[in-house]
Amino acid sequence: MTLPVWARRAPARNVYRSNASGTWEIYAWDRTTGTSRQVTTRPKGTSHGTIDPTGQWIWWFSDTDGDEWGGWMRQPFYGGPDEPIGLEPGFPSGIALSATGEAAIGMARPGEGFTVSLVRPGEPARVIYEHAEAASVAAISLDGSLIAISHSEHGDSRHPALRVLRRNGTVVGDL
């Protein structure tokens, strides 16, 4: 199993990956009750998953056949139906979750480059940033106002730069 990732504002709620079922899947662990449950059950396993800072939602990437092409889903921490996020399919390129329910999701698509979409509760996902070269979402502030992405300059993915965006996609600065 992997090390657990805990919810920043509810540290007793954790997610981790384990291959106890025979494939790598996402598990939820409530340290208060000592219980854990398997969140995903997929023939080829699940490689990407995390928990939001409030501990309410587990987010995981649903690829089509173990090929890393697909989309993000979320599920309540204690179980319930999986909810698709509503983005066009692609390759996962980072996810960051705020304490206010916002998600910054990076997706890569061959021939189209990289996009960052902002998902806000009760609103459709919207693309706020596009980049032709390799990039990934690195972090989001707890209040959701700032998003950090790691991106390559001029195709040099070995030496990425950090770019900070506002939630509307305006570039604040590069580091």
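A pocket is here an open set of grid points, on a 1 Å grid over the protein atoms alone, with protein on both sides within 12 Å along at least five of seven lines. In this predicted model, the largest pocket has a volume of about 260 Å³. Its lining comprises 14 residues, and those closest to the pocket centre are Arg 8, Ile 51, Pro 53, Ala 96 and Leu 97. At least two lining residues come from each of strand 1 (5–7), strand 5 (49–51), strand 9 and strand 13 (135–140). By residue class, the lining of the largest pocket consists of 12 nonpolar residues, 1 polar residue and 1 charged residue.

Ile 149 belongs to strand 14 (residues 146–153). Its relative accessibility is 0%, and Ile 149 therefore counts as buried.

Of its 6 residues, 5 are buried, so strand 3 is largely enclosed by the rest of the structure. With strand 2 (residues 10–18), strand 3 forms an antiparallel pairing over 6 bridges, in which Arg 13 is placed opposite Asp 30 of strand 3.

The structure contains 4 aromatic pairs. One of them is formed by Phe 61 and Trp 72, whose ring centres are 5.4 Å apart; the planes stand at 75°, an angle over the 60 degrees required, and the pair is therefore edge-to-face. Phe 61 is situated in strand 6 (residues 57–63) and Trp 72 in strand 7 (residues 70–76), so that the pair links distant parts of the chain, 11 residues apart. Phe 61 and Trp 72 are both buried. A further edge-to-face pair is formed by Trp 69 and Phe 91, with 5.0 Å from centre to centre and 75° between the planes. Because Trp 69 is located in the loop between strand 6 and strand 7 and Phe 91 in strand 9 (residues 91–97), this pair ties together parts that are 22 residues apart in sequence. Trp 69, at 30% relative accessibility, counts as partly exposed, and Phe 91 is likewise partly exposed, with a relative accessible area of 31%. An aromatic ring also takes part in a contact with a charge: the charged end of Arg 74 sits over the ring of Trp 57, at 3.5 Å from the ring centre.

The loop between strand 6 and strand 7 also contains Glu 68. Most residues other than glycine have a negative phi. Glu 68, by contrast, has a positive phi, near 65°. With a relative accessible area of 31%, Glu 68 is partly exposed.

Note on methods:
Residues numbered from 1 in each chain as written. Predicted model: local features only at pLDDT ≥ 70, side-chain atom pairs only at ≥ 80, totals over all residues. Heavy atoms only, no water. Buried < 20%, exposed > 50% of the residue type's maximum accessible area, 1.4 Å probe, protein only. Helix = DSSP H or I, 4+ residues; strand = E, 2+ residues; numbered from the N terminus. Pairing = 2+ DSSP bridges. Phe/Tyr/Trp six-rings, centres within 6.5 Å; stacked < 30°, edge-to-face > 60°. Lys NZ or Arg CZ within 6 Å of the ring centre and 35° of its normal. 1 Å grid on protein atoms, 1.4 Å probe; cavity = no way out; pocket = protein on both sides within 12 Å on 5 of 7 lines; lining within 4 Å. Points joined across faces, edges and corners; volume = space filled by probe spheres on them. Nonpolar A, V, L, I, M, F, W, Y, C, P; charged D, E, K, R; others polar.
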